[in-house]
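This briefing is meant to be read alongside the sequence and the coordinates.

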Amino acid sequence: MSSAHALCPRCHYDQRGTIETWNDSCPLRGRCCECGLEYEWGDVLNPFRGRLPGLVEHARGVPQLVRWTFTTFGWIILPHRFWKRVELHHTISLRTILLGPLLVMAVFHFAAWVLAVIAFLLTPPNTGGPPASLDTIDDWWLDAALLMAEPFARGATWYSPSGRSIYVDWTVLLFLDRLLALVTCVLAWPLLFMVLPITRRAGKLRWSHIWRAGLYPFWWLVVLHISDRLIAVGNSLIMIVYSLTGDTRAYQVAEAVNPTVVFLANTLWFIGPAWILAWWYVALRRGFRLERAGLLWAVLGVAVLAASAIIFLGGWYLRVVLDPYWTPV
Ligand SMILES: [Zn+2]
């Protein structure tokens, strides 16, 4: 018996040598003599077992890509759920890991932008003072419309009392420190594997496995962007309701729920790094089935946290320098 597909799911060592030794029976389970991984022969020999329905990497066509992005997101929220399903023998498609959430994010972004432009066009002049702002545009609504298409733009529908200026809050400065720290948390893990090749070789891991674990944390940035756009949608809806009905109760409702929304949005920033730590722990232990996963995780985790803390302080300093409206609280 021989097969073209007889590679170890973890290290890709050719398992045909073992198959040659089978004389009268086929065992159900085997063990890679190169990396020590125990596997089911069915996972190694049957190419159809490489596809996992619901995993975004295996989606075919755009509708399925969008649907399975949500399915996979439901798995990754609790890392254990993801790594229990997604095993080493499942085919890896790194491109799709980013493609799915980017597509969903683009749709959200576009919808929020359309709503912001509608709100801007409907809003009558002299609706009050503008919020603290970074970009001031005079007059031309197309300029404003383009600015509102930027990520993290908000408060774009305000007119100044003269009725000639509108102001765009570029809210990213409010959380530049947290954003940079989270990006560091996301990138530091795969980068550490790159600069410390021994960590990868000790586990006989392939790069595609490292990047599969390394790319899913990027979804947190998408989640944060979508949550930011949802707040922008809330702003626009309030402006639209006020413009159409003159009813100021929408503002009162907004003021009432604002502390809760801010609290939830801030919480996401802290859940992100904690989730990434948990994600990699489960990935190393359950996903890659490394023998000394706990130790490796602890060493890398401390390095990642130290790097994130330094970047956080740097981001905080940048925020102070860049934001003319910054005042110590
Ligand atoms: Zn192996």
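**Loop residue and overall picture**

R289 sits in the loop that lies between α11 and α12. The model is a predicted one, and the protein in it holds 12 helices and five strands. Of its 329 residues, 28% are buried, and among the contacts between residues at least 6 apart in sequence, 69% join residues at least 24 apart.

- Most residues other than glycine have a negative phi.
- R289 is not a glycine, yet its phi is positive, at about 50°.
- R289 counts as partly exposed because it has 19 C-beta neighbours inside 10 Å, where a buried residue would need 20 or more.
- H12, which is likewise a residue other than glycine, has a positive phi near 65°, and its place is in the segment before α1 (16-20).
- With 14 C-beta neighbours inside 10 Å, H12 is also classed as partly exposed, since the exposed class ends at 12 or fewer.

**Helices α11 and α12**

- Two packed helices are described by the angle between their axes and by the distance between those axes.
- Helix α11 (residues 249-287) packs with helix α12 (residues 293-322) at an angle of about 155°, and the axes of the two are 9 Å apart.
- This angle makes α11 roughly antiparallel to α12, because angles over 145 degrees fall in that class.
- The crossing of α11 and α12 is right-handed.
- On the α11 side the contact involves P273, L277, W280, Y281, L284 and R285, which meet A293, L296, W297, G301 and S308 of α12.
- Sorted by class, the contact of α11 with α12 comprises eight nonpolar, two polar and one charged residues.

**Helices α5 and α10**

- Helix α5 (residues 94-122) and helix α10 (residues 219-245) have axes that come within 9 Å of each other and cross at roughly 20°.
- The two helices α5 and α10 are therefore roughly parallel to each other, as angles under 35 degrees are counted that way.
- The crossing in which α5 passes α10 is left-handed.
- From α5, the residues that make the contact are P101, M105, F108, H109, A112, L115, A116, I118, A119 and L122, while α10 contributes W219, V222, H225, I226, R229, A232, V233, S236, M239, I240, S243 and L244.
- By class, the contact of α5 with α10 has 17 nonpolar, four polar and one charged residues.

**L99 within α5**

- L99 also belongs to helix α5, and it is partly exposed, as 17 other C-beta atoms lie within 10 Å.
- Although 34 residues separate L99 from L65 in sequence, their C-alpha atoms are 8.4 Å apart in space.

**Confidence of the prediction**

- Averaged over the protein, the pLDDT is 83, and 82% of the residues score at least 70.
- Across residues 126-140 the pLDDT falls below 50, and this stretch has 34 contacts in the model beyond near neighbours in sequence.
- Residues 156-161 likewise have a pLDDT below 50, with 27 contacts in the model beyond near neighbours in sequence.

Notes. Residues numbered from 1 in each chain as written. Predicted model: local features only at pLDDT ≥ 70, side-chain atom pairs only at ≥ 80, totals over all residues. Axes fitted to C-alpha atoms, helices over the stretch in contact; angles between N-to-C directions. Helix = DSSP H or I, 4+ residues; strand = E, 2+ residues; numbered from the N terminus. Parallel < 35°, antiparallel > 145°, perpendicular 65-115°, else oblique. Left-handed = near helix turned anticlockwise from the far one by under 90°. Contact = placed C-beta atoms within 7 Å. Nonpolar A, V, L, I, M, F, W, Y, C, P; charged D, E, K, R; others polar. pLDDT = per-residue confidence, 0-100.
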